Amino acid sequence: MRHGKKVNHLGRKTAHRKAMLANMACSLIEHKRINTTVAKAKALKQFVEPLVTKSKDDTTHNRRLVFSKLRNKYAVTELFRDVAVKVADRPGGYTRIIKLGNRLGDNAQMALIELVDYNETYNTEKKAKTTRRSRRGGKKAATPAPVETKASNEEE
């Protein structure tokens, strides 16, 4: 049974797991996307999202909290200076996991984890934020106006 099992141990001892996640988070912040296994990507997402949230409020206390997790001052500087500015208006969901298929050597499931605001392919257009308040009374679909064709113009 898995009662209360919230952490995927990833087959590692606690110190090894924390060091690995810190290194992966530093790489993600530096390169904006990394390839890894699906299990590690999911664990990294849980590790790095609270750090990005803390970086939105640039205080000495938050910098020290983030540094205690990342243990890399260059990554902390990059996170607070560049990444926090890009994600300032986003209310969470800073990372995206895209499954890539299986690795050739050991058939492990691979994934690409990336910071959402740094992918230009998905962010080509800005959508207006709309929140669905109720099921009834929404915007009604506008009926399109009849379009005159060239053939009808030539007949006149």
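Author: Let's start with a term: a nonpolar core is a set of buried Ala, Val, Leu, Ile, Met, Phe, Trp, Tyr and Cys residues joined through side-chain atoms within 4.5 Å. Buried means under 20% relative accessible area, exposed over 50% and partly exposed in between, with a 1.4 Å probe and protein chains only. This is a predicted model, in which local features need pLDDT of at least 70 and side-chain atom pairs count only at pLDDT 80 or more, while totals for chains, interfaces and linings use all residues. Residues are numbered from 1 along each chain as its sequence is written, and side-chain values use heavy atoms, leaving out hydrogens and water.

Reader: Which residues touch the most other members of the largest nonpolar core?

Author: This core has 31 residues. Helices (DSSP runs of H or I, at least four residues) and strands (E, at least two) are numbered from the N terminus. The elements giving two or more residues to the core are α1, α2, α3, α4 and β3. Touching the most other members are Leu-44, Phe-47, Leu-70 and Leu-79.

Reader: Which residues is Leu-79 in contact with, leaving aside its neighbours within four places in sequence?

Author: Contact means heavy atoms within 4.5 Å. By that rule, the partners of Leu-79, its neighbours within four places in sequence left aside, are Ile-29, Leu-51, Val-52, Ser-55, Val-66, Leu-70 and Ala-84.

Reader: What is the distance between the closest N and O atoms of Glu-114 and Arg-96?

Author: These two form a salt bridge, that is, a side-chain nitrogen of Lys or Arg within 4 Å of a carboxyl oxygen of Asp or Glu. Glu-114 lies in strand β3 and Arg-96 in strand β2, so the pair ties together parts that are 18 residues apart in sequence. Glu-114 is buried at 1% relative accessible area, and Arg-96 is buried at 19%. Their closest N and O atoms are apart by 2.7 Å.

Reader: Which residue meets Asp-117 in a salt bridge?

Author: Asp-117 is in the loop between β3 and α5, and its 14% relative accessibility makes it buried. The partner sits in the loop between α4 and β2, so the pair ties together parts that are 27 residues apart in sequence. With 2.9 Å from N to O, the partner is Arg-90.

Reader: Over the ring of which residue does the charged end of Lys-86 sit?

Author: A charge sits over a ring if NZ of Lys or CZ of Arg is within 6 Å of the ring centre and within 35 degrees of the ring normal. The charged end of Lys-86 is 4.6 Å from the centre. Lys-32 has its charged end over that ring too, 4.9 Å from the centre. The ring belongs to Tyr-118.
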